[in-house]
Amino acid sequence: MMENTTSYAWRYWLASRESERVALQALLNSEALLEATSALIHALQRERGISTLWLCSATELTPPHLVTRQEEVDQALEAMLALLPMPEKRAASGFYGRAALALQALSGLAPLREQVRRRQFSHGDAMQQFSELIRHLLHLIFEAADNGSHSMSRALLALFSFMQGKELAGQERATGAAGFAVGQFSQQERQQLVTLLEGQERCFTAFCQFADEESLQAWREMAEAGRETEKLRRIACSGMNARGADAQHWFRLLSERLDGMKRIEARLRRQVMQVCRDGISRLETTHATLPQATDRQALGYSLYVANTPWLEEGGMLDAAGIAPQLGRSLLTLIENQAQRLQAQSDELAAMHATLEERKAIDRAKALLMQHHRCDEPQAWHTLRKMAMDQNKRVGEIARAMVEVAAAFSLPQTR
């Protein structure tokens with residue numbers, strides 16, 4: 001006769017619950033870091049916007065305007081650095097890599113600012129470099145929060161999608177401000193604005209699929225841009241004469257919208273942490289109601305045999321002195337756990353697929369920009385055309401391109 005397998009089942013079932021609890025607790029412990037990194041991203045988005053305006057000499061900005069935004073970024077950066085875990089405190093290699101990339105990118109902030117101050121950059125080049133810094137920080141947040149906990153998949157995907165949409169809205173603000181400041185939009189800038197609006201729509205559609213009802217309601221109240229914003233968007237995207245439109249007015253309108261998005265982002269982050277707390281509480285409550293180890297040992301073991309009407313107790317074979325209720329209780333717990341994890345695993349797999357596809361698209365665009373010396377909108381349109389020509393999704397084309405680059409040892413931008 002085999003050794004008591006029911007006791008092993010209990011141990012592995014409890015280990016599964018404990019593993020989930022540890023993952024949730026790790027994410028809960030990172031709350032302050034996620035908030036600080038989010039604040040740094042928002043501050044950089046504000047500095048990017050004001051820098052873009054400054055580089056358009058038609059505006060009335062002065063150096064102190066730049067300094068104010070730079071000081072906000074410096075304070076936010078200092079706060080984030082204070083919360084970064086020391087390398088020896090964290091085992092996740094993915095987080096190490098993302099942290100290294102983000103910190104290396106941030107080391108270029110000082111020379112970037114100096115070139116902006118001296119107006120040695122075009123507004124497009126400055127915006128691209130600020131956007132690259134923000135991209136690394138967004139990836140750092142994704143790496144820190146994406147801890148593989150099944151129960152977090154919906155809340156995390158809602159947060160990630162919304163943050164990406166907000167970043168595209170920030171790029172829209174900077175691009176529009178530059179065009180209105182000089183009184184005209186080039187064909188490239190018009191196409192870039194269209195691309196940014198399409199990207200926002202995709203991100204916010206994904207957000208709406210996974211967000212909680214309160215966050216959805218908050219978004220519905222501000223999702224539709226005001227008439228003034230829509231009017232200025234039409235002028236910018238259609239090639240109409242932009243002279244007479246106030247760049248500062250556009251900047252204020254889009255800033256108010258971004259500040260509203262920041263509040264929703266904070267709500268989503270709080271929702272993620274509340275799901276963590278609820279999950280931990282549920283796991284601890286379940287654990288408290290389980291039989292103690294001594295009780296399980298006294299009960300011995302039992303074997304469940306399915307579809308056996310010839311057995312008493314509905315298919316439960318009992319060892320001497322064994323209570324069949326324990327076997328049924330354990331079986332019910334395992335079955336419920338398996339069903340719950342399967343449903344959540346499917347959702348988590350969909351979330352990972354979505355995030356990996358976005359990463360592949362980012363890398364493919366970077367490859368096109370590097371090897372064909374084009375900008376981001378042109379790279380995006382090249383990917384879309386390739387997808388349409390081959391009747392495939394953009395994500396499939398991007399993954400194939402990244403794989404080919406790896407096979408031929410071409411440099412990739414991570």
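This is a predicted model: local features need pLDDT of at least 70, side-chain atom pairs count only at pLDDT 80 or more; totals for chains, interfaces and linings use all residues.
Reader: What makes up the secondary structure of the protein?
Author: The secondary structure comes to 15 helices and two strands. Of the 414 residues of the protein, 48% count as buried.

Reader: What makes S51 count as buried or exposed?
Author: Buried means under 20% relative accessible area. S51 has 1% relative accessibility, so S51 counts as buried. The residue sits in helix α2. Leaving out residues up to four places away in sequence, S51 touches L66, V116 and F130.

Reader: Why is α2 called mostly covered?
Author: Of the 25 residues in α2, 20 are buried.

Reader: How do you know what span to expect of α2?
Author: The expected span is 1.5 Å times one less than the number of residues. Helix α2, residues 31-55, has 25 residues, and the expected value is 36 Å. From its first C-alpha to its last, α2 reaches 36 Å, close to that expectation.

Reader: Why are α2 and α5 called roughly parallel?
Author: Two packed helices are described by the angle between their axes and the distance between the axes. The axes of α2 and α5 (residues 109-117) cross at roughly 25 degrees and come within 10 Å. Angles under 35 degrees count as roughly parallel. The two helices are therefore roughly parallel to each other.

Reader: Which residues of α2 and α5 meet?
Author: From α2 come L44, E47, S51, W54 and L55. From α5 come L109, R113, V116 and R117. The residues of this contact divide into five nonpolar, one polar and three charged.

Reader: What makes the phi of R119 worth a remark?
Author: Most residues other than glycine have a negative phi. R119 is not a glycine, yet its phi is positive, about 55 degrees. R119 is found in the loop between α5 and α6 (123-145).

Reader: Why is R119 called partly exposed?
Author: Partly exposed covers the values between the 20% limit for buried and the 50% limit for exposed. The relative accessible area of R119 is 36%, so R119 is partly exposed.

Reader: What is the phi of N391, and where does N391 lie?
Author: Phi of N391 is near 55 degrees, a positive value in a residue other than glycine. N391 lies in the loop between α14 (376-390) and α15 (394-407).

Reader: How do you know whether N391 is buried or exposed?
Author: Exposed means over 50% relative accessible area. N391 has 72%, so N391 is exposed.

Reader: What makes S107 count as it does, and where does S107 lie?
Author: S107 lies in the loop between α4 (93-106) and α5. S107 and L133 are 26 residues apart in sequence and 9.7 Å apart in space, C-alpha to C-alpha.

Reader: Why is Q200 called buried?
Author: The relative accessible area of Q200 is 4%, under the 20% limit, so Q200 is buried. Q200 lies in helix α8 (residues 187-210).

Reader: How do you know which residues Q200 is in contact with?
Author: Contact means heavy atoms within 4.5 Å. Leaving aside neighbours within four places in sequence, Q200 is in contact with G165, L168, A169, E172 and R233. Q200 and G165 are 35 residues apart in sequence, but 4.7 Å apart in space, C-alpha to C-alpha.

Notes: Residues are numbered from 1 along each chain as its sequence is written. Side-chain values use heavy atoms; hydrogens and water are left out. Helices (H or I, at least four residues) and strands (E, at least two) are DSSP runs, numbered from the N terminus. Buried means under 20% relative accessible area, exposed over 50%, partly exposed in between (1.4 Å probe, protein chains only). Axes are lines fitted to C-alpha atoms, for helices over the stretch in contact, and angles run from 0 to 180 degrees between N-to-C directions. Angles under 35 degrees count as roughly parallel, over 145 as roughly antiparallel, 65 to 115 as roughly perpendicular and the rest as oblique. Ala, Val, Leu, Ile, Met, Phe, Trp, Tyr, Cys and Pro count as nonpolar, Asp, Glu, Lys and Arg as charged, and the others, Gly among them, as polar.
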